[in-house]
Amino acid sequence: MGFREGPTAEVFRDPLHYDNEGGRAVDRCGPLRPASHRVERRTIRLLRILHGMGPGIENWPMIARLILGLLFSILIGGLAFRLGALSSSGWLGAALVGTAVFGFGGWPWALLLIAFFVSASALTQYGLGRKAEAALDFAKGGPRDLGQALANGGIGAGLAILWGLFPHPALWWMFAGSLAAVTADTWATEVGLLSRRSPRRILDGRPVPPGTSGAITLEGTIAGGLGALGIGILAVGLSPVGGSIGMALWVGLSGFLGMLLDSLLGATVQRIYWCERCAKETERPIHRCGQPARPLRGWRWLNNDGVNALAALTGALGMLLWSLAGG
Ligand SMILES: [Zn+2]
């Protein structure tokens, strides 16, 4: 080490090994004398707190982690609200999900959630003028509300809470799978809306107008796959439970399957309405023209939020099966 001018310098260089309790300090290379000056003690305490916000946050009391999570979520959600990516109720949803994920999961969980949230919000904002028309027919177009925030993040928040109770590695991968699915779905929708070609119905490949539920585009599908894979790679990089590049592929695949299920359900059993005035399909019971739309097909209880939640669940279950198979 060769840096032995005194305990003060040593403590500043390596404040994490300074044990404040009882004024005793123990370093890897032996006991140190306590720092003598008050300012130094304060600096050390501050450094310890800052460090605690890093990996050491696992050792914080739960209530402190939840409060910090709430503050972060309100900040990030507020930014998204100002940028038009969230409605005010969506802000509440983001705060609920973010608080649970950060409070019970910690940094790796929060960062993976942020990766989804920031990329999805950015893609939603990108080219907004070009896709506004079609996006308005989608329930998921425009600022996300409470239902959408919970549909996208609710499964993940539940998994984070379970992890807080018993941190089993499978829970991390299920969390990654659920985020991969909602990321893929959002990326596919937003990139697909920018496509110059008509989307095609997933069931029979027939071209349909942009904004039709259950329709896919080549560009959107590729983007969705890349989004899911990106979450997989990040999940391996941030993983608190180890992992290999093969895991990234499995997370990506689970997310991709979740996205396909989303389109499949959208084309078949999701509740779809018909606006007489505009002669258009819509996912909303009240069309954007203000006219109440009449039910056209699908199950009454399965709206777009339900479909999104099922997609997230599929991503999570894909990784559960993978874990059970001994991966
Ligand atoms: Zn209408």
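Predicted model: local features only at pLDDT ≥ 70, side-chain atom pairs only at ≥ 80, totals over all residues.
Which residues in helix 10 meet helix 11? Residues are numbered from 1 along each chain as its sequence is written. On the side of helix 10, the residues are W250, V251, S254, G255, L257, G258, M259, L261, D262, L265 and G266. They meet V307, N308, L310, A311, A312, T314, G315, G318, M319 and W322 in helix 11; two residues are in contact if their C-beta atoms, placed from the backbone, lie within 7 Å. By class, this contact holds 12 nonpolar, 8 polar and 1 charged residues. Here Ala, Val, Leu, Ile, Met, Phe, Trp, Tyr, Cys and Pro count as nonpolar, Asp, Glu, Lys and Arg as charged, and the others, Gly among them, as polar.

The protein comprises 11 helices and 7 strands. Helices (H or I, at least four residues) and strands (E, at least two) are DSSP runs, numbered from the N terminus. Of the 327 residues, 46% count as buried. A residue is buried if 20 or more other C-beta atoms lie within 10 Å of its own, exposed if 12 or fewer, and partly exposed in between, with C-beta atoms placed from the backbone. Among contacts between residues at least 6 apart in sequence, 69% join residues at least 24 apart.

Helix 10 (residues 245-267) and helix 11 (residues 304-324) pack at an angle of about 145°, and their axes are 8 Å apart. Axes are lines fitted to C-alpha atoms, for helices over the stretch in contact, and angles run from 0 to 180 degrees between N-to-C directions. The crossing of the two helices is right-handed; a crossing is left-handed if the near helix is turned anticlockwise from the far one by less than a right angle, and right-handed if clockwise. Helix 10 has 23 residues and reaches 34 Å from its first C-alpha to its last, close to the expected 33 Å. The expected span is 1.5 Å times one less than the number of residues in the helix. Because 18 of its 23 residues are buried, helix 10 is largely enclosed by the rest of the structure.

M247 lies in helix 10 and counts as buried because it has 22 C-beta neighbours inside 10 Å. Not counting residues up to four places away in sequence, M247 touches W173, G232 and V236.

Other helices were examined in the same terms. Helix 8 (residues 169-192) has 24 residues and reaches 34 Å from its first C-alpha to its last, close to the expected 34 Å. With 22 of the 24 residues buried, helix 8 is therefore largely enclosed by the rest of the structure. Helix 4 (residues 88-105) has 18 residues and spans 25 Å, close to the expected 26 Å. Helix 4 is mostly covered, with 14 of its 18 residues buried, and just after it G106 takes a positive phi of about 95°. In helix 7 (residues 146-165) is found L150, which counts as buried because it has 22 C-beta neighbours inside 10 Å. L150 and L96 are 54 residues apart in sequence and 8.5 Å apart in space, C-alpha to C-alpha.

An open sheet is formed by 3 strands in the order 6-5-7, with antiparallel pairing. Its edge strands are strand 6 and strand 7 (294-297), each of which pairs on one side only. Neighbouring strands of the sheet are turned by 45° against each other on average, direction ignored. Two strands pair if DSSP finds at least two bridges between them. Strand 5 is joined to strand 7 by 3 bridges; W274 stands opposite R294, and the bridge partner of I272 is R297. Another 3 bridges join strand 5 to strand 6, where Y273 stands opposite T282.

The hairpin of strand 5 and strand 6 has 4 residues between the strands. A279 is placed in this loop, between strand 5 (272-275) and strand 6 (280-282). Phi of A279 is near 50°, a positive value in a residue other than glycine. A279 counts as exposed because it has 7 C-beta neighbours inside 10 Å.
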